[in-house]
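This report describes the domains, nonpolar cores, helix packing and charged pairs of one protein model. Please consult the sequence and structure shown here while reading.

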Amino acid sequence: MEINPFEIVQKQIDVVLEEISLDPNTGQFLRRIERSLIVSIPIMMDDGKMKIFEGYRVHHSTIRGPGKGGIRYSPHVNLDEVKALATWMTWKTSLLNLPLGGAKGGICVDPMKLSKRELERLTRRYTAEIINIIGPDIDIPAPDMNTNAQVMAWIMDVYSMQKGRTIPGVVTGKPIEIGGSVGRESATGMGMFYVLQASCNKLDIDLKSMRIIIQGFGNVGGWIANILYENGSKILAVSDISGGIFSENGLNIKELLEWRNQGKLLKDFQKNNHKHITNEELLTQECDVLIPAALENQITEINADKINCKIVLEGANGPTTPDADKILYNKGIYVIPDILANSGGVCVSYFEYIQDIHSYFWDLDRVNQELKKIIVDAFESVYSVSKERNLPLRTAAYIIALSRVAKAIELRGIFP
Ligand SMILES: NC(=O)c1ccc[n+]([C@@H]2O[C@H](COP(=O)([O-])OP(=O)(O)OC[C@H]3O[C@@H](n4cnc5c(N)ncnc54)[C@H](O)[C@@H]3O)[C@@H](O)[C@H]2O)c1
């Protein structure tokens, strides 16, 4: 069953609009995308043949500041997915009260099928196609699924070459040597850890005793696995696109990260007392904390009833559909919503952007301390709204985020 993520975004907005009284004109504004650009990206493949890929860059809202959001390379990318992801970015930056809006981009491509040179040509041509709607004051891209610091370096280079000077603030998630921030790569995982810690304190449970299952073993899944493993929690299972690996006694995450870093898939990892499971099986295994950290629409009305954990910590964007959300809530599962749980990435992206503008760079302690303060403050606000109004954390987070954007719309008014 195909689930359209932008329809889910609309449903999530409806849930919040039932809870807060908003001027209907403002409500209409929140639902709409400010601007979307579809581009054709022709590249010469290594075999001398030309291929044309489709790319997107969407600004959901720049009402509170420049757009901010990642770029995704995947064969499943389409305009509605990018629109949904851009909208979630608006809520995320607003929830953290960062002076930024929400944007997202992507190319419909399977990057595994491209050589490094082809990937570079694709990235450079895509950047040239979207150059008029990105920039430090307009919209600042960052990595997302299947893009990384190297891809950001190419984007920064194309942009700087076109403008005739080096402009590191056009992207975040860059290599440190060219204006990146320490702690950016681990930021989403660190933020998830701080929010999980704060939640465990409220729930009066010991994080170290938690048994964890993680779907996705890339930037987000890999970092949160490593942080929780180092903190002493037992990681029962992790997965990548090829499937999952499970051990009742807990996995050695360092060993698996080394395996992944050699470019190998988890389906090929063999060890005594470790069994292979599918991604579907992984989600319904019994555990304390389930962390979907791969892609959207993983917990749906079809499997929600079988989810067997105390806490869902959403590392991915949009991993739980609204119908599944209701089922989890009725089962008493504590869902820490994506716009809060995985907002550490955009938070440190913001720090990177400030450091670039000031040409003054922080150390890791400062990055993590400031991240912890912002994300735990956001968690506390969400927690108190959820307690006051007896609502799920997601609705509480949305109330805070949407209300801030709504206020900005009302204050600015409608041009002309
Ligand atoms: N990178 C960030 O800073 C960041 C920040 C916030 C949210 N996110 C979100 O987190 C999610 C993961 O992003 P990432 O940056 O870690 O991406 P990534 O490309 O580094 O890793 C993605 C992981 O998911 C796996 N995967 C891909 N397709 C899958 C499938 N069909 N089933 C199961 N596993 C699959 C991949 O094998 C890989 O292990 C995305 O939803 C992204 O939007 C990322």
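## Basis of the description

A residue is called buried when its relative accessible area is under 20%, exposed when that area is over 50%, and partly exposed in between, using a 1.4 Å probe and protein chains only. The model is predicted, so local features need pLDDT of at least 70 and side-chain atom pairs count only at pLDDT 80 or more, whereas totals for chains, interfaces and linings use all residues. Residues are numbered from 1 along each chain as its sequence is written, and side-chain values use heavy atoms, with hydrogens and water left out.

## Domains

The chain is divided into domain 1 (5-12 + 33-167) and domain 2 (187-341); these bounds come from an automatic or database domain assignment. Taken over C-alpha atoms, the centres of the two domains are separated by 27 Å. Their contact (heavy atoms within 4.5 Å) takes 14 residues from domain 1 and 12 residues from domain 2.

## Nonpolar cores

A nonpolar core is a set of buried Ala, Val, Leu, Ile, Met, Phe, Trp, Tyr and Cys residues joined through side-chain atoms within 4.5 Å. In soluble globular proteins, nonpolar side chains tend to be buried together. The largest nonpolar core here has 91 residues, of which Trp91, Val238, Ile291 and Ile336 touch the most other members. Helix H14 (residues 393-412) gives the largest share of this core, 11 residues. Helices (H or I, at least four residues) and strands (E, at least two) are DSSP runs, numbered from the N terminus. Domain 1 and domain 2 each contribute at least three residues to this core.

With residues up to four places away in sequence not counted, isoleucine 291 touches Met192, Ile212, Ile213, Ile214, Gln215, Ile224, Leu228, Leu313 and Gly315. Another core, of 25 residues, lies apart from the largest one; Met45, Leu122, Trp154 and Ile155 are among its members.

Helix H7 (residues 219-230) has 12 residues and should span 16 Å at 1.5 Å a residue, which agrees with the 16 Å between its end C-alpha atoms. The expected span is 1.5 Å times one less than the number of residues. The buried residues of H7 are Val220, Gly221, Gly222, Ile224, Ala225, Asn226, Ile227 and Leu228. These residues pack against helix H6 (187-203), strand E6 (211-215), strand E7 (234-240), helix H8 (253-261) and strand E10 (289-292). Glycine 232 follows H7 and has a positive phi, near 105°.

## Salt bridges

Side chains of opposite charge can pair when their charged atoms come close. The structure holds 28 salt bridges, each defined as a side-chain nitrogen of Lys or Arg within 4 Å of a carboxyl oxygen of Asp or Glu. Arginine 121 and aspartate 46 form one of them, with their closest N and O atoms 2.7 Å apart. Because arginine 121 lies in helix H4 (residues 116-130) and aspartate 46 in the loop between strand E1 (35-44) and strand E2 (50-61), the pair ties together parts that are 75 residues apart in sequence. Arginine 121 is partly exposed at 29% relative accessible area, and aspartate 46 is likewise partly exposed at 46%.

How are lysine 174 and aspartate 356 joined? Their side chains meet in a salt bridge of 2.7 Å, N to O. This pair links distant parts of the chain, 182 residues apart: lysine 174 is in the loop between helix H5 (149-163) and H6, and aspartate 356 is in helix H12 (residues 344-358). Lysine 174 is buried, at 4% relative accessibility, and aspartate 356 is buried, at 8%. Elsewhere, salt bridges that share partners join Arg72, Glu81, Lys104, Asp144 and Glu296 into one network.

## Charged residues of helix H3

Within helix H3 (residues 79-95), aspartate 80 and lysine 83 are three residues apart and so are separated by about one helical turn. They form a salt bridge whose closest N and O atoms are 3.5 Å apart. Aspartate 80 is partly exposed, at 24% relative accessible area, whereas lysine 83 counts as buried, at 18%.

Lysine 92 is also found in helix H3. This lysine is buried yet has no salt bridge, and the nearest side chain of opposite charge, aspartate 338, is 6.6 Å away. For charge, Lys and Arg count as positive and Asp and Glu as negative, while His and the chain ends are not counted. Leaving aside neighbours within four places in sequence, lysine 92 is in contact with Asn317, Asp338, Ile339, Asn342, Ser343 and Val346.
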